[in-house]
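Take a look at the model below. We will walk through its helices and its core.

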Amino acid sequence: MSEAVSLAEAVEALADRFRSMPQSRLLGAVPGHPSRAAAALALARWLALAAQAAEGVATGGDGPAGPPREFPDAGAFAAGDQLAVAGHDLAAALAALPAQTPVPLPEPLGGPATAPAVLARALAEVAATAALCG
């Protein structure tokens with residue numbers, strides 16, 4: 001699924017914004033989160049869970065291998081890097097899937113969806129976080 005490149009680019013741009021934010025801005029509260037860094041971590045966790053589901057399908061399974069693994073809170077200054085890792089993992093997993101492959105997203109992420117729907121949702125989540133933390 002070649003459209004996954006757009007996700008990698010969007011995530012990298014947002015990750016770069018977080019990497020360049022001063023501490024005061026990273027720690028500043030935004031609606032729904034105690035800080036911008038926490039909002040980035042929440043997005044990284046969303047992307048990571050989606051990547052785990054997509055990777056499980058890409059490797060021949062029918063979902064994630066094993067229980068979901070959650071990104072730890074590595075601190076405000078790691079938020080951009082965590083976001084980049086999770087986003088690139090999801091983009092790579094989606095790129096390996098045929099277009100209409102079902103991805104068994106966990107219910108907290110919206111439940112099962114096709115690979116293009118997962119990509120669209122991920123892009124929307126990245127855009128929402130970018131607007132929230134602008």
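Predicted model: local features only at pLDDT ≥ 70, side-chain atom pairs only at ≥ 80, totals over all residues.

Residues are numbered from 1 along each chain as its sequence is written, and side-chain values use heavy atoms, with hydrogens and water left out.

Start with α1. Helices here are DSSP runs of H or I with at least four residues, numbered from the N terminus. α1 has 17 residues. From first C-alpha to last, α1 reaches 25 Å, close to the 24 Å expected at 1.5 Å a residue. That expected span is 1.5 Å times one less than the number of residues.

Which residues of α1 are buried? They are Ala4, Leu7, Ala8, Val11, Leu14, Ala15 and Phe18. Buried means under 20% relative accessible area and exposed means over 50%, with partly exposed in between (1.4 Å probe, protein chains only). Seen down the axis of α1, the buried residues fall within an arc of 140 degrees, so they line one face of the helix. The arc is taken from the directions from the helix axis to the C-beta atoms. On the other side of α1, Glu9 and Ser20 are exposed.

Now the core. A nonpolar core is a set of buried Ala, Val, Leu, Ile, Met, Phe, Trp, Tyr and Cys residues joined through side-chain atoms within 4.5 Å. The largest one has 43 residues. Leu7 and Phe18 are among the members that touch the most others. The largest share, 14 residues, comes from α3.

Note on methods. Helix = DSSP H or I, 4+ residues; strand = E, 2+ residues; numbered from the N terminus.
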